[in-house]
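The exercises that follow ask you to read helix packing, domain layout and overall dimensions from a structure. Please try each task before you turn to its solution.

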Amino acid sequence: MVGVGMENETLFDELDDKFDARIAYYTVQNPTDKEGKMGV
Amino acid sequence: MAPFQIEVFDRLHDPILIGVERRYNGEDWFIIFDVADIMPLHMEMGSVGVSLPYKLQEYVLENIEESWFHEDGNNWMAVRAVNTGYLINRDRVVMRKLLTPLAGSRAHLLSASTYQYLVNKEGSYTVEVGRVKGYGVPARIDISTLHRYHTGIFGYTGTGKSNLTSNLLRKIMDTVDDLVAVVLDITGEYPINIIDMLERYGVIYLDPSTPIDSFRETVVYPETLQQRMAGEGLDPRIVRDILMKIPTKKLYLEDDEVTIESVIGEINSVLRDADKLTLDGRVKLMELVRSLYEMDRRMDLKTFKEKYGDMYQHVLDTLREVANPLNQRSTVRIKLESLIALIEEPPEQVERDYETIRKFARRILYHGEERLYLLYIPEDFLAREYIARLIDEIFLLKKTAGLGRKVLFVVDEAHEFISRETRGARNMDRSNLALEKLFRQGRKYGVGGWIVTQRVAHLNTSIMQQLHTYFVSTLPRTYDRSVVADAFSISKSIIDKVQAYDMGEWLFMSHVATKYKNIPVEVRTDNNEDYVLDWLLSKKA
């Protein structure tokens with residue numbers, strides 16, 4: 001994926017092209033611990 | 001499913017933010033996550049167990065071994081990440097919103113510039129505190145907030161707490177011109193760590209039992225600095241020679257100055273023997289005390305005589321009127337006459353090589369040309385008494401005599417001053433109360449505090465709650481980490497990352513110093529020893 005953002009600065013890291021991830025699950029363990037897991 | 005990418009996998013070991021696609025209110029956003037940990041997985045891993053015959057295990061494991069570096073589509077990685085509570089869109093609009101991501105949504109690695117956009121603040125008080133781990137870009141924060149809103153620095157022995165503290169102190173003193181700092185040191189680490197600042201605008205204060213000469217000989221050097229100094233051919237005597245030039249005074253707890261307050265004290269002690277006074281005398285003295293209470297009670301008698309002549313004369317006349325009718329041998333009359341003699345001939349204020357807490361507080365707020373005061377008090381119970389008295393005096397002056405300069409208190413080994421465990425620790429109640437006042441009320445009066453400690457677990461929680469910025473490095477005890485996580489609402493998965501930190505690496509979070517609050521910033525800070533060594537070398541030249 002090509003970086004998108006303002007002017008010359010990109011929103012995404014250049015390695016994002018190789019990071020084809022999706023969110024697999026999301027749990028709320030306590031109000032300060034909101035974790036997500038991304039599988040690739 | 002996509003092939004395992006070793007390059008991405010390795011990069012994910014260092015701090016990086018992830019944006020998870022999320023449509024919200026008809027617009028495209030990315031929920032920002034911070035990576036907590038990562039695990040490589042292969043589809044055949046599940047079949048490997050202790051009961052699988054060795055030959056089969058070997059066959060499977062050889063397959064797996066090869067797979068990491070050849071994209072065979074059988075492996076993947078699980079990334080565990082924590083929701084930061086922020087959304088960002090493609091135009092870099094940021095919104096504070098704790099939104100739940102939807103399973104199947106795509107996730108992206110956010111760039112260094114996005115990270116800087118979220119963290120870095122720009123303004124006249126902005127300084128670089130270090131480089132962000134992983135991204136390698138500068139972390140720029142508003143350093144003035146570290147004074148205005150209180151800061152905590154937590155890390156086990158050897159993580160570089162005093163190194164970071166000295167480094168931050170130099171940055172804040174260089175940036176905030178009208179700030180003065182009081183560093184409370186019980187270990188003797190600071191004279192060398194901040195020697196350049198002490199030489200420029202500092203004074204060292206010692207408790208009366210510490211001989212000035214032996215203090216200069218017993219300065220504690222960080223081992224690494226000592227080695228580097230030896231490597232550069234720097235004789236440790238250069239430090240002693242510089243310390244000789246820095247004004248060094250003894251600090252006494254008790255006051256030796258005769259002030260209006262002393263007069264009030266004497267009159268009150270006469271009033272306690274009220275049965276020896278006439279009713280008229282009693283009433284006159286009580287009225288006198290009332291009118292003296294309305295004046296600046298810290299004023300010395302010479303100033304009182306020069307500036308408030310009428311009132312001064314009224315005090316003398318009243319005391320004489322009360323004393324004269326009394327029997328010449330009565331103790332009350334003797335007391336009153338010695339008080340009259342003292343007021344008639346106020347003692348001259350002489351410049352001494354020692355100072356009392358009361359004068360010291362005034363010097364800090366109003367009179368001092370210096371900006372940095374190092375208090376070296378090696379006895380912990382005495383240090384607690386000193387800090388309590390000094391903070392009380394500073395607040396009293398700020399409330400009654402004018403705000404004066406902004407003050408930053410740096411309390412190293414803070415567990416010795418603000419522990420919840422007060423049993424058996426002399427003066428702990430007093431230092432707790434004084435520091436609680438500093439951390440609760442300080443912001444209104446321009447007084448800030450930094451607490452530096454390796455033992456977080458038993459700290460006074462009222463004080464912990466007042467910290468708006470904190471730096472955390474390795475804390476081996478689980479309980480210490482969970483206390484930090486609870487006190488500052490940080491995910492335990494994030495705080496646990498500090499276990500793998502090297503010296504000089506810090507997890508930094510702030511409600512005020514970063515552009516968006518509470519974005520975790522993992523930084524490698526500048527090494528204070530580099531600065532001190534260069535400075536010493538320049539002195540040698």
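**Exercise 1.** How are α11(B) and α15(B) oriented to each other?

*Solution.* Start with the angle: helix α11 (residues 260-272) of chain B and helix α15 (residues 331-344) of chain B pack at about 165°, and their axes are 10 Å apart. Axes here are lines fitted to C-alpha atoms, for helices over the stretch in contact, and angles run from 0 to 180 degrees between N-to-C directions. Angles under 35 degrees count as roughly parallel, over 145 as roughly antiparallel, 65 to 115 as roughly perpendicular and the rest as oblique. α11(B) and α15(B) are therefore roughly antiparallel to each other.

Next, consider the residues: V263(B), E266(B) and V270(B) in α11(B) meet V332(B), K335(B), L336(B), L339(B) and I343(B) in α15(B), where contact requires C-beta atoms, placed from the backbone, to lie within 7 Å. By class, this contact of α11(B) with α15(B) has six nonpolar, no polar and two charged residues. Ala, Val, Leu, Ile, Met, Phe, Trp, Tyr, Cys and Pro count as nonpolar, Asp, Glu, Lys and Arg as charged, and the others, Gly among them, as polar.

The model is predicted: local features need pLDDT of at least 70 and side-chain atom pairs count only at pLDDT 80 or more, while totals for chains, interfaces and linings use all residues. Residues are numbered from 1 along each chain as its sequence is written, and chains are lettered from A and ligands numbered from 1 in the order in which they are written.

**Exercise 2.** At what angle do the axes of α16 and α17 of chain B cross?

*Solution.* The axes of helix α16 (residues 357-367) and helix α17 (residues 380-400) of chain B cross at roughly 55° and come within 9 Å. That makes α16(B) oblique to α17(B). On the α16(B) side the contact includes I357(B), F360(B) and R362(B), and on the α17(B) side it includes R389(B), L390(B) and E393(B). The residues of this contact of α16(B) with α17(B) divide into eight nonpolar, no polar and five charged.

**Exercise 3.** Into which domains is chain B divided, and how do domain 1 and domain 2 touch?

*Solution.* An automatic or database domain assignment supplies the bounds, and chain B is divided into domain 1 (6-110), domain 2 (126-254 + 352-540) and domain 3 (260-344). The centres of domain 1 and domain 2 of chain B, taken over C-alpha atoms, are separated by 40 Å. Contact between them involves 10 residues of domain 1 of chain B and 10 residues of domain 2 of chain B. On the side of domain 1 that touches domain 2, the elements giving two or more residues are β2 (27-42) and β3 (75-88) of chain B, and β3(B) contributes the largest share, four residues. That side of domain 1 of chain B divides into six nonpolar, one polar and three charged residues.

How values were computed. Contact = placed C-beta atoms within 7 Å.
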